[in-house]
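Opening the notebook on a new model today. I want the fold first, then the packing, then a few side chains.

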Amino acid sequence: MADDILFEFLHMEMVSHIYREHTTREDIERERVTCVSVLEGMGFRVGQGLIERFTKDCPTFKDDLDIMKFLCKDFWNGIFRKQIDNLRTNHQGTYVLQDNKFTLLTQVSGRTQQLEESTKVSLQV
């Protein structure tokens, strides 16, 4: 649990630092776009590094379903210490991953109903 809190503090400080770094200029809307782009780039690089680390000893995936199963079981468990709650597909290449207690969104709201709804995350891939 302590490492979760440390990660949350690090995450908040990174976002705050990027925002402060780019808000010293005049055009506020352009700065927000720049901040989001910088944070997306950081997230992409971290995600790519994590996937490379997690898959270095795995056999080659045969199809998309094998990739999704890996994400739901191994990758999600390695990152969030739990498996994804639900994986659905329409068998036409669309997958929906659902996590009912997504820990990174628990501080979005203090009210119980909003907290329950905000921690439910569905990713459509």
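Predicted model: local features only at pLDDT ≥ 70, side-chain atom pairs only at ≥ 80, totals over all residues.

**Overall look**

I started with burial: of the 125 residues in the protein chain, 16% are buried, where buried means under 20% relative accessible area, exposed over 50% and partly exposed in between (1.4 Å probe, protein chains only). Numbering runs from 1 along each chain as its sequence is written, and side-chain values use heavy atoms, with hydrogens and water left out.

Next I looked up the surface. The protein chain exposes about 9,700 Å², and carbon and sulfur atoms supply 55% of that; the areas come from the Shrake-Rupley method with a 1.4 Å probe, and for residues only the protein chains shown count as cover.

I then listed the elements and found four helices and three strands. These are DSSP runs numbered from the N terminus, with helices (H or I) of at least four residues and strands (E) of at least two. Read from the N terminus, the order is α-α-α-β-β-α-β.

I also checked contacts, meaning heavy atoms within 4.5 Å. Of those between residues at least 6 apart in sequence, 36% join residues at least 24 apart.

**The core**

Which residues make up the largest nonpolar core? I get ten: Met-68, Phe-70, Leu-71, Cys-72, Phe-75, Trp-76, Ile-84, Tyr-95, Leu-97 and Phe-102. In soluble globular proteins, nonpolar side chains tend to be buried together.

**Aromatic pairs**

I count three aromatic pairs in the structure. Phe-61 and Phe-70 form a tilted one, 5.3 Å centre to centre with 50° between the planes. My criteria: rings of Phe, Tyr and Trp (its six-membered ring) pair if their centres lie within 6.5 Å, and planes under 30 degrees apart are stacked, over 60 edge-to-face, the rest tilted. Phe-61 is partly exposed because its relative accessibility is 31%, while Phe-70 is buried at 6%.

The rings of Trp-76 and Phe-80 have centres 4.8 Å apart and planes at 45°, so that pair is tilted. Trp-76 and Phe-80 are four residues apart in H3, so about one helical turn separates them. Trp-76 counts as buried at 8% relative accessibility.

Strand E1 (residues 86–89) pairs antiparallel with E2 over four bridges; pairing needs at least two DSSP bridges between the strands. The two form a hairpin with five residues between them, and His-91 in the turn has a positive phi of about 60°. Thr-89 has Tyr-95 in E2 as its bridge partner.

Is Gln-98 buried or exposed? Gln-98 sits in E2 (residues 95–99) and is buried, since its relative accessible area is 17%. Its side chain makes polar contacts with the side chains of Arg-88 (2.8 Å) and Asn-100 (3.1 Å). A polar contact is a pair of N or O atoms within 3.5 Å; within protein, one must be able to donate a hydrogen and the other to accept it, and residues adjacent in sequence count only if both atoms are side-chain atoms.

Technical notes. Core = buried A, V, L, I, M, F, W, Y, C linked by side-chain atoms within 4.5 Å.
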